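Here are my notes on the structure you asked me to look over. Keep the viewer open and click along as you read.

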Amino acid sequence: MRKILVSIAALLLLGGAVSAQELLTTGKTSLVLEAKKGKAPKILHYGSLLTPDEAASLKDAGWKSQNAYPAYGLAGTEECALAVTHADGNMTLDLRVEGVERKAWEGGEILSILTKDAHYPFTVKINYKSYKDQDMISTWTEITNREKKTVVLTKYLSGVLPVRVGDVWISSLYGTWANEGRVCTEKLTRGYKVIKNIDGARNSHTSHSEVMISLDGKPQESQGRVIGAALCWGGNYELVFKTNDDDFHHFLAGICPENAQYYLESKETFTTPELAFTYSEEGLGGASRNFHRWGRKYKMMHGDRERKVLLNSWEGVYFDINEEGMAQMMDDIASMGGELFVMDDGWFGDKYPRTKDTSSLGDWVVDRKKLPNGIGWLVRTAADKGIKFGIWIEPEYTNSVSELYEKHPDWVLKAENRDLVYGRGGTQLVLDMSNPEVQDFVFKVVDDLMTENPDIDYIKWDANMNIRAHGSQYLKRQSHLGVAYMRGLAAVCDRVRAKYPDLTIQACASGGGRANWGILPWFDEFWVSDNTDALQRIYMQWGTSYFFPAIAMASHISATPNHTVHRTTSLKYRIDVAMSGRLGMEIQPKNMTEEEKDLCRKAIAQYKQIRPIVQFGDQYRLISPYDGLGMASMMYVSPEKDKAVYYWWKIANFYDEHFPRVRMNGLDPEAVYTIKELNCIDVKPLAIEGKSFTGRFLMEEGLEIPYVNKPAAGRSDWSSRVLYLEKK
Ligand code: DGJ
């Protein structure tokens, strides 16, 4: 028996030409497929790393394979990934393997299974791509109509994954405006679980297109097997778990097919977005770290470049933009050690000056009454103060009160025979990104700004409205709108990036509406939420970190009472939370005391010291705010494990509290680390200040952290600590 297995393995190693089994591996994971000529392609295993011998023995172990890309029509009630209507009205597909291709790419390998319908000239290439060092495998399909007439795709998901029934739990993100990225943990039971979004232009305010699947019972941070999945798409999506009468939770994900049938012309290929998976035996934390490393290296813009510390004008002045005010904010952020000033909404409009949110989007000319010397003056003023300048735009939108709309009413989304459907301010409208003229216009918004002001360093690209009216005045096929919008946006982003590769661009969408791996390939970061309240940010940033690294999460120190939730927290607390992401400020500095500015100045200096650890290190979540223990804690560790930053935040305030002693993670057990408190406001240094401990002790036992800050000015209920650990 052993001899036979070895020979199967040998054949597999020789390229899998004879065996029907295909093994795709990363450092610690593997995917086993069956691709037998003339049969439907199957998935036999996704999870731990198997040797070729072990993979070849799965059938002996009684394992059953599942359809790798189930198509509708001949498989009974099986949940399908693909459904079509052929020109003759036939609604079935019978996809059979024709061949297999394997090719190497710099980060791993791409395995493609070529399938063809048994009767119709209709093919589907099912691709699997390994990212070896990050333990990620992604899948997507290329659906080609080789028939003479148009075939209608009524469902065209990216991929599927069978998950063996057991004690399986899922963790997904949900929320709304100002409450994005909240963690929802639930056990998978029988029936359907659907996560979907139909916002159209953005897709992560409510449910996210990522999910963690914990295979060994209730999700744990550092233990248990976890599969993470992320659909890399910025538009409408659906993630489905179907669990009926067999041994599997059938997981399928892709573009939401509702109201979105796609007319695939003869010879046309539809490529579905990438659905990325990771697998870890180190719990949720292990899966998150894989996502973070993969994202920084392959799926976001400038994942290897440190982000600047900035001040954004929004919560400081809102629409009240003027030269004097901008210069004062630049002075203030420069004096606190910041590196960039971003002028937010309110700077534009000629015939209709933007003084509130009811007009002017689309009229991207500077409001000379507010800024007589134009953008150039602001860029130069910033440079004189030793910082960079950034600017806000919302280029995919207009208002009915705008010169753009007066000139191009045909450019907005509007259903025929229907009135306009407005968004923000009662006048906002979505531009039709499927229209190439609109794409040119949107590109030109960026191009004009950059051509006239080549030293602009940063753009905040906002998107404050979902698609409310299903109607393109350009498209022949109205059901193509969702896909065509995203393709149009992608085409513009490609052009922007080809011409401005160094520009930093933030994806903002009324806060966290564009936190996804479909958008980040062109964007450097996203605005996590319009809610800058430090306490609520702990919950939101915690959830968001399941899938996204700190470098992508814009996190700003703002004023109290907080403008959204009206909570008053200490400045230290706000700093300590903001410092766990990409640090910035969103405040009117002229309303701050000298003492407050001084604390921020010190914090910014210290952040610069820990920035590489936060932005490129490995994250270890230690105590979850969702566990109801009254506090939360996490840390980042440098890849070399020689430095770390540890965060401890109180999230409830009662008298006579007793919190757990937190055990650290991710350190080198043999190394000795010295502790230094950052952002210290206490009169007396901590007892642990300057002391050294082994990594083993810190991870197995942990430090006693005083529960309250004790500054000279009296205690504050929102206590927090940030510790810097350096290897001796
Ligand atoms: C929504 C964003 O999330 C805010 O940060 C701000 O840029 C406003 N739009 C401006 O209108």
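**Notes for a first look**

1. Start with R289, which is in contact with E282, D618, Q619 and Y620 once residues up to four places away in sequence are set aside. This is a predicted model, by the way. R289 sits in helix α3, which covers residues 283-299. Is R289 buried or exposed? Its relative accessibility is 4%, and buried means under 20%, so R289 counts as buried.

2. Now find the ligand. Which residues come closest to the ligand? They are D344, D345, K460, D462 and D530, out of 13 residues that surround the ligand. Sorted by type, this shell has six charged residues, four nonpolar ones and three polar ones.

3. A polar atom in the side chain of D530 is 2.4 Å from an oxygen atom of the ligand. The side chain of K460 has an N or O atom 2.7 Å from a ligand oxygen. With G511 the backbone takes part: one of its polar backbone atoms lies 3.0 Å from an oxygen atom of the ligand. On its own the ligand has 290 Å² of accessible area, and the protein covers 98% of that.

4. Next, the nonpolar interior. In soluble globular proteins, nonpolar side chains tend to be buried together. Here the largest nonpolar core has 192 residues, and the members that touch the most others are L82, F122, M343, W347, F389 and W461. Which helix gives the most to this core? Helix α9 (residues 481-499) does, with 10 residues.

5. Click on L82 to see one of those members in detail. Leaving out residues up to four places away in sequence, L82 touches Y69, P70, A71, Y72, L93, L95, F122, V124, I143, K155 and Y156. There is also a second, separate core of 25 residues, with M635, A644, Y646 and Y673 among its members.

6. In helix α11 (residues 571-578), eight of the eight residues are buried. The list includes K572, R574 and D576 as well as L571, I575 and V577. In helix α6 (residues 374-384), the buried residues are G374, I375, G376, L378, V379, T381 and A382. What do they pack against? Their partners are helix α5 (323-335) and the strands β22 (340-343), β23 (388-393) and β26 (456-461). Just after α6, G386 has a positive phi of about 80°.

7. Most residues other than glycine have a negative phi, and most peptide bonds are trans. N259 is not a glycine, yet its phi is positive, at about 55°. You'll find N259 in the loop between β17 (248-255) and β18 (262-264), and its relative accessible area of 61% makes N259 exposed. D656 is another non-glycine with a positive phi, about 65°. Its place is the loop between β33 (643-650) and β34 (672-678), and D656 is exposed too, with a relative accessible area of 56%.

8. Which residues does it join? It links T560 and P561, with omega at about -10°. P561 belongs to the loop between β29 (553-558) and α11.

9. N236 lies in the loop between β15 (226-231) and β16 (237-243), and N236 is buried, with a relative accessible area of 18%. A polar atom of its side chain is 2.7 Å from the backbone nitrogen of G200. Apart from neighbours within four places in sequence, N236 is in contact with N197, I198, D199, G200, G254, I255 and C256.

10. T77 sits in the loop between β4 (66-67) and β5 (82-85). T77 is exposed, at 68% relative accessible area. How many Å separate the C-alpha atoms of T77 and I321? The separation is 59 Å, and the two residues are 244 residues apart along the chain.

Methods
Residues numbered from 1 in each chain as written. Predicted model: local features only at pLDDT ≥ 70, side-chain atom pairs only at ≥ 80, totals over all residues. Heavy atoms only, no water. Near = heavy atom within 4 Å. Polar contact = N/O pair within 3.5 Å; in protein donor to acceptor, adjacent residues only side chain to side chain. Areas by Shrake-Rupley, 256 points an atom, 1.4 Å probe, with all protein chains shown as cover. Nonpolar A, V, L, I, M, F, W, Y, C, P; charged D, E, K, R; others polar. Core = buried A, V, L, I, M, F, W, Y, C linked by side-chain atoms within 4.5 Å. Buried < 20%, exposed > 50% of the residue type's maximum accessible area, 1.4 Å probe, protein only. Helix = DSSP H or I, 4+ residues; strand = E, 2+ residues; numbered from the N terminus. Contact = heavy atoms within 4.5 Å.
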